[in-house]
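Thanks for making time. I will go through the pockets of one protein and a few of the side chains around them.

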Amino acid sequence: MADTQATVFLKAHRVAYTEHEYGYVEHGGTEVPAKALGVEEHHVVKTLVMQDEAGKPLLVLMHGDRTVSTKNLARQAGVKRIEPCRPEVAQRHSGYQVGGTSPFGTRKQLPVYLERSILDLPKIYVNGGRRGFLVGIAPAELARTLAPTLVEVALEG
């Protein structure tokens, strides 16, 4: 399998990971890969590209079965407002196609906000840099390689 910017990053940082391919479904969310891999959707971590009121981009890593409280995130990040980026803007900031966004190896160094409870999981599955491709890693590797700000902004569903 050809390397992606994400797997190049993981190798450079000596992160042990497993590769998992699945049939990508447009707007399928994290439910599709969770079913394909036979894991709980809670263990599939989505990478969301958002921006503050000044248009400054940031990444949010969230459980697949949760949504982000942008109000709580803005408060914890010390800004007035946070909203999702439009797909073309997200792609420009991250260097990844929407649906294939990885927190690793982004085009620009972006601040990363990590839902704290993700670190409690034994293993997580996060996008490996293209649609239909996840990498399985220990959550502690997110903290080690991305130096994220830990937040508690998850909403059920």
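**Pockets and buried side chains**

Leu59 counts as buried because its relative accessibility is 1%, where buried means under 20% relative accessible area, exposed over 50% and partly exposed in between, with a 1.4 Å probe and protein chains only. Before going on, a word on the source: this is a predicted model, in which local features need pLDDT of at least 70, side-chain atom pairs count only at pLDDT 80 or more, and totals for chains, interfaces and linings use all residues. Residues are numbered from 1 along each chain as its sequence is written, and side-chain values use heavy atoms, with hydrogens and water left out.

Leu59 sits in strand S3, residues 57-63; strands (E, at least two residues) and helices (H or I, at least four) are DSSP runs numbered from the N terminus. Thr47 is 12 residues from Leu59 in sequence, and the two C-alpha atoms are 6.6 Å apart in space.

Which residues lie nearest the centre of the largest pocket? They are Lys46, Thr47, Leu48, Val98 and Gly99, out of 31 lining residues. Helix H2 (31-37), strand S2 (44-52) and helix H4 (87-94) are the elements that give two or more residues to that lining. S2 gives the largest share, seven residues. A pocket here is an open set of points on a 1 Å grid over the protein atoms alone, where a 1.4 Å probe fits, with protein on both sides within 12 Å along at least five of seven lines; lining residues have an atom within 4 Å of a point. The volume of the largest pocket is about 750 Å³, counted as the space filled by probe spheres set on the points, which are joined across faces, edges and corners.

The second largest pocket has a volume of about 160 Å³. Its lining includes Leu59 and Thr145, along with Phe9 and Pro103 among others.

Thr145 belongs to helix H5, residues 140-146. Is Thr145 buried or exposed? With 14% relative accessibility, Thr145 counts as buried. A polar atom of its side chain lies 2.7 Å from the backbone oxygen of Glu141.

Last, Glu115, in strand S6 (residues 112-115). Glu115 is buried yet has no salt bridge, meaning a side-chain nitrogen of Lys or Arg within 4 Å of a carboxyl oxygen of Asp or Glu. Arg116 is the nearest side chain of opposite charge, 7.2 Å away. The side chain of Glu115 does reach the backbone nitrogen of Val153, at 2.8 Å.

Conventions. Lys and Arg count as positive and Asp and Glu as negative; His and the chain ends are not counted. A polar contact is a pair of N or O atoms within 3.5 Å; within protein, one must be able to donate a hydrogen and the other to accept it, and residues adjacent in sequence count only if both atoms are side-chain atoms.
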